[in-house]
Amino acid sequence: MALNMTVVNLKAIVLGHWVLTVWACMGGVIQWLPSSYQWCNFTVLAVGVWAVAQKDSVDAIFMFLAGMTISILLDIIHFGIYYGRSIQNQNAQPSVRDEFRFAVGMAILNLILKPFTCLLLYQMYRERGGEMYMNFDAAQERYGPLDSSTEIPPPPQPVPPPPQQKGPSYMYQDVP
């Protein structure tokens, strides 16, 4: 039995990533992620709400897919820069450490789920009628010959006109 990836609802994707983003932004004493992380993820989720609202829009789902793809790279950059700084500033209180660990875990879980979300969004994009062609070779022709032979056939030759036939001689009079 083949797994149908479109069973997952777009609303569930947006809601799930929203919850994980909110939990990742929990900081309390330690605000470990900058506001740029919040702006990036919540803007992408706003585009996701647009994709939910317009069920037939190819542009909306493509923009959500593109934003989700870009946010993967930006999340990795945010984690790489700001995680080490927040570890150094961490207080010794266990409740603060637990809250910090929870927020980091939710941010990492959100990042791990994003590539799978991109696959689902791409499937939804194709179902809505979107086509994504990537051709990086400018010299390559888009359309090729249909037959498999590599030999180029000669150009067609003009067909000579049929010879004119005269009818019976009594119908035509030759005038000198």
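The following dialogue examines the terms used to describe this predicted model and the values behind them.

Tutor: This is a predicted model in which local features need pLDDT of at least 70 and side-chain atom pairs count only at pLDDT 80 or more, while totals for chains, interfaces and linings use all residues. Residues are numbered from 1 along each chain as its sequence is written, and side-chain values use heavy atoms, with hydrogens and water left out.

Student: How many helices and strands does the protein chain have, and what makes a run a helix?

Tutor: A helix is a DSSP run of H or I with at least four residues, a strand is a run of E with at least two, and both are numbered from the N terminus. By that rule the protein chain has four helices and zero strands, in the order α-α-α-α from the N terminus on.

Student: Which residues does UniProt list under "transmembrane region"?

Tutor: The unreviewed UniProt entry lists residues 12-30, 60-82 and 102-122. Its positions are in the numbering used here, feature names are shortened, and annotations may be inferred rather than shown by experiment. In the model, residues 60-82 are 100% helix and 0% strand, with end C-alpha atoms 31 Å apart. Residues 102-122 are likewise 100% helix and 0% strand, and their end C-alpha atoms lie 30 Å apart.

Student: Why is threonine 21 called buried?

Tutor: Buried means under 20% relative accessible area, exposed means over 50%, and partly exposed lies in between (1.4 Å probe, protein chains only). Threonine 21 has 1% relative accessibility, so it counts as buried. This residue belongs to helix 1 (residues 10-24). With contact meaning heavy atoms within 4.5 Å, threonine 21 touches Tyr37, Asn41, Phe42, Leu45 and Asn110, leaving aside residues up to four places away in sequence.

Student: Why is lysine 55 called exposed?

Tutor: Lysine 55 has 57% relative accessibility and therefore counts as exposed. Its place is the loop between helix 2 and helix 3. The C-alpha atoms of lysine 55 and leucine 10 are separated by 9.6 Å, although these residues are 45 residues apart along the chain.

Student: What makes tyrosine 82 partly exposed?

Tutor: Tyrosine 82 has a relative accessible area of 25%, so it is partly exposed. This residue of helix 3 touches Trp32 and Pro34, not counting residues up to four places away in sequence. Tyrosine 82 and proline 34 are 48 residues apart in sequence and 7.9 Å apart in space, C-alpha to C-alpha.

Student: How many disulfides does the structure hold, and what would count as one?

Tutor: A disulfide is a pair of cysteine sulfur atoms within 2.5 Å, and the structure holds zero. Cysteine 25 is buried because its relative accessibility is 13%. Cysteine 118 is also buried, because its relative accessible area is 10%.

Student: What is the span of helix 4, and where does this helix bend?

Tutor: Helix 4 (residues 94-127) has 34 residues and reaches 49 Å from its first C-alpha to its last, close to the 50 Å expected. The expected span is 1.5 Å times one less than the number of residues. Helix 4 bends by about 35° at lysine 114, and proline 115 follows within four residues. The bend is the angle between axes fitted to the seven residues ending at a residue and the seven starting there.

Student: What makes a set of residues a nonpolar core, and which members touch the most others in the largest one?

Tutor: A nonpolar core is a set of buried Ala, Val, Leu, Ile, Met, Phe, Trp, Tyr and Cys residues joined through side-chain atoms within 4.5 Å. The largest has 29 residues, of which Leu10, Trp32, Phe64 and Leu121 touch the most other members. Helix 1, helix 2 (35-53), helix 3 (58-88) and helix 4 each supply at least two residues of this core, and the largest share, ten residues, comes from helix 4.
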